[in-house]
Structure formats: structure tokens, C-alpha cells
Amino acid sequence: MNWDLIWSSFGPLITGAVTGTIPLTLASFAFGLVLALVVALMRLSPNWLLSGIGRFYVSVIRGTPLLVQLFVIFFGLPSIGIRLDPWPSAIIAFSLNVGGYAAEIIRAAILSVPKGQWEAGHTIGMSRPQALVRIILPQAARVSVPPLSNTFISLVKDTSLASLILVTELFRNAQQIAAFSQEFMALYVQAALVYWVICLVLSTAQSAAEKRLDRYVAH
Amino acid sequence: MSLTNDPSRQPRVTSVLKARGLAKAFGSNVVLRDIDIDIRRGQVVALIGPSGSGKTTVLRSLNGLEIPDAGTVAFGSGDSSAELAIDFGAKVGKKEVAALRDRSAMVFQHYNLFPHMTVLKNIIEGPVQVQKRPRAEAIAEAERLLERVGLADKRDAYPFELSGGQQQRVGIVRALALKPQLLLFDEPTSALDPELVGDVLGVIKELAEEGWTMVIVTHELAFAQHVADEVIFMDGGVVVERGPAAEVLRAPRQERTKLFVKRLQHDV
């Protein structure tokens, strides 16, 4: 074991996390959540066309592997004339993926808010969009934090797939050092450790968010 | 001191609500059949009847939470000049429903307070967010109303920290803060523990004495007799009997009303 090499590899791995994994995760999750809210509202719409499109989208995203989605966007689209760089490709693929999964979470969370809350909003004069934003979504947020945190933590790890379309992130750095030094075991365990630490931090943040959103619920 | 000591807050004396021919069916299940209701300014109308009689559906139709299949609802300042008329037989637009809701406020059986907002925020949400009144003014009004129902110290509490009776009093204040022409109560005490019913009925009684126009769906017959000017007994989606409270409740003419009143009085 080349301990000096192992020790000095943490630098590039953490750099990969900070400049690759983390921004990729944050951007994809943010775009994905916006998309998910739109898709959730489409699925809840009385308009059969809108809800049909929403249902179709969720079905495709959940029914196909993320790696395949990533490859279609990065390697597939150029054959129909759309050429995207690795970063945009990765952000688009991950956002679409998060959008599909989180849409179902948000839809369920909205449905979990009692109908009487919509009615109370309407009787104080609110329109549907107003009641959604002021009354329903804040309550749905509380319900959706645990499952959305799951999605978020999965996404951190899923971004390692971006290494396959040449995005420089944590895992790609680990692969390169491992190939060069032949220290496969050490480097991949190190990479695993860095992912794990990121996810531990996120779990702590999740607990804090849950606690904050639970302040108006009987314990 | 009254809940509404400012005369500008008193509903205008001349306005009326007039509902004609309200009808609704869910599939083959007819829930309302040709319901007429007239409400004069300052009048308290109690809707009574067994569960499934359609009384709650009537109440909810008056502010568009239910859209009847047919019938009309008109708010107006007299018989001839209706300032708002909605024909449910035609296609009812969002604006019409919004205009209907502007004129009334609802108190729910299960309070339906917003659990993520403090008591104060529950009350000022409508005035500030919907009616665009100045926040400071809305807060002052809310505090005054809270004090009046004995809940000034609960201003910053969340609904889950309150008893059912306290929540319902906040529900009433939330409705009053909208300064509606018409207050609608949907079985306001049915979800309360018996020892908490009195507080809520006391508040409603005061509102009646102050001249608020109210429609109350209730099972509390003694209370209805006490506060209501008119009692409407419904069964099976039709109005079976209507008249002054004392007449309908003490000396009902219809057999179905007699049975209902007798049964409820036995239960008590």
C-alpha cells in the first residue's frame, strides 16, 4: 500500500466533490424540484390531456434506467443534431430523473392535505393558485421532506454516473488516480468514504428540516 | 362592549339573500330538490334535519363550495335590485363564485384552521392576502376580536395547542375578520366535547344579538330555538317545514318534523 499516495488522493477527491458532485447535485435537484411541482400539478389537473402527459412522463422516467437516460442525452442526441457538453447533459438527465420521482412524492403530499384546508382557503376568498401556495404547499412540504430527502441522497450517489459521460467529479477523479496508481481498492473505498460523509451531512440537515417543519404539529 | 361596535362594520340593513330552486344530484342520488331560501338582513336562520337531509349542501351552495345543478342565488339591497345574481343552471365562472364568497364567511364543523399558521396569522390571512387591507389594521382588528372571545393570550399559539372550543372560536373570529355580509355555520359545535359547546354557542348568540345575518346548520335544537328567527327543517333533500323557531320546534305541523324533534329531544 502506498500510504503517501492514498493520503494525498483525498485532495483531488474532495476537489471533485466540491467542483463536480455537489454543484451537479444541487443544480439537478433544484431544477428537478421545479419540474416535479409542475408535473405533480399536471397530474392533479382535471384536464385529461395535462394529467395524461404528466402520467406518461413519470412512467418513462421511472421505467428506464438513469444510465440509459444519461446516454440517450449525451451520446444519442448528437445523431439528431443536438450536441450538448457533458455538464449540461448531466444536469438535464438528472433533473429529468429527479422530476419524475419527486413529482409522485409532491403529488401524494398535496393529496395528503385535507380537503377542508382548500375549502377554508376558498371561503376566505382565495383562488386555487393562492390557496395552493399559501395553504396547501406549506403543509405538503412537511409531509414530503422525508421522501424528498431520500431522493436527494440518492441523487448525490447517482451523480457518479456522470463520470461515464466525462464530467469531472468525485468518482471520475478516483478512477483516474486508481488507473494510474493501480491502487483500486484504496481509491474506491476512499471515494465511498467521501460520498458517505456527504450523505451523513445531508441526513443531519434532513433532521433539522423535519424538526423545523414539525413545530406546528402536536407531539 | 360588542364584537362589532363600529357601526361601519354592521351589515347594511336592507340587503337580502335569496336562493331559488336549488337542486343537486350525485348520479341518481338526489341531495337537493327545489330549495328556496330567503334571508333578511340581521336574520338568523337555523337549518335542521337528520344527517343526509341536504342541509349542509344548502349551506355550502350559498358560498359556492358546492355548485348546485340548478337554481339561483342572489345577493341584493332589495327585492328588485340584485347586486349579485348567479344562475347555477348556466355555466358558473370563477369570478361569479369569487363574488359570492366575497359576501360570506364560513365556520366549519372541524374548524379547518390553517395548522401551519399561528392564531393571529390564521385571522389576518384573508384580510391581508385577499382583501389587501393594511397589515397593521388587520392585526389590530384581529387582536380586538380575539380579546372579545377571550383568546387574547393565544395570539401566537398554533392551532394544535388549543382545545376544540378555542379553535372554533378562532374559526369564528377568522370569519368575522373578513367583515362578511353573511355568516355561515356548518354544525359549529358537532365536533366539540360537550363541556366546550357552551363557549362557542355563547359567542354565536352574541353575534345574533348584534344583528349579524347568519345561517346555522345545527343539531342543537334548544340553541336554535333560542337564537334563530326562522327554522328550516329539511329531510331527504327537500324543505319539509319552515317558520318561526318556536313554532317549528315546539309545535311542528309535519309528521316528519315531529318525529325528528322528538327523537333529538329524547337523545338529550
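Of the 219 residues of chain A, 37% count as buried. Buried means that 20 or more other C-beta atoms lie within 10 Å of the residue's own; exposed means 12 or fewer, partly exposed is in between, and the C-beta atoms are placed from the backbone. A word on the source: this is a predicted model, where local features need pLDDT of at least 70, side-chain atom pairs count only at pLDDT 80 or more, and totals for chains, interfaces and linings use all residues. Residues are numbered from 1 along each chain as its sequence is written, while chains are lettered from A and ligands numbered from 1 in the order in which they are written.

Stay with chain A. Chain A has 8 helices and 0 strands. Helices (H or I, at least four residues) and strands (E, at least two) are DSSP runs, numbered from the N terminus. Its C-alpha trace spans about 70 × 50 × 25 Å along the principal axes. Now take the contacts in chain A with a separation of 6 or more: 76% of them come from residues 24 or more positions apart. Contact means that two C-beta atoms, placed from the backbone, lie within 7 Å.

Now one residue. Where does S163(A) lie? In the loop between helix 6 (128-158) and helix 7 (170-181) of chain A. S163(A) counts as buried because it has 22 C-beta neighbours inside 10 Å. Leave out residues up to four places away in sequence, and S163(A) touches E169(A), F171(A), R172(A) and Q175(A). Look at Q175(A): it sits 12 residues from S163(A) along the chain, and their C-alpha atoms are separated by 8.9 Å.

Next, the two chains together. 20 residues of chain B are in contact with 16 residues of chain A. Which elements of chain B give two or more residues to the side that touches chain A? They are helix 2 (94-102), strand 6 (104-107) and helix 3 of chain B. Helix 3 of chain B gives the most, with 4 residues. By type, the residues on that side of chain B divide into 10 nonpolar, 7 polar and 3 charged. Here Ala, Val, Leu, Ile, Met, Phe, Trp, Tyr, Cys and Pro count as nonpolar, Asp, Glu, Lys and Arg as charged, and the others, Gly among them, as polar.

On to the sheet in chain B. It is open, has 6 strands in the order 6-7-8-3-9-10, and its pairing is mixed. Strands pair if DSSP finds at least two bridges between them. Strand 6 and strand 10 (238-244) of chain B are the edges, each pairing on one side only. Inside the sheet, strand 3 (residues 44-48) and strand 9 (residues 230-235) of chain B run parallel, joined by 4 bridges. There, I48(B) stands opposite F233(B) of strand 9.

Last stop: helix 4 of chain B. How long should its 14 residues be? Helix 4 (residues 135-148) should span 20 Å at 1.5 Å a residue, and its end C-alpha atoms are 20 Å apart, so the two agree. The expected span is 1.5 Å times one less than the number of residues. In this helix, A138(B), E141(B), A142(B), L145(B) and L146(B) are buried. They cover an arc of only 135° around the axis, so they are on the same side of helix 4. That arc is the one of the directions from the helix axis to the C-beta atoms. On the other side, A136(B), E137(B) and A140(B) are exposed. What covers the buried residues? Helix 3 (119-130) and helix 5 (164-176) of chain B are included. After helix 4 of chain B comes G150(B), with a positive phi, near 75°.
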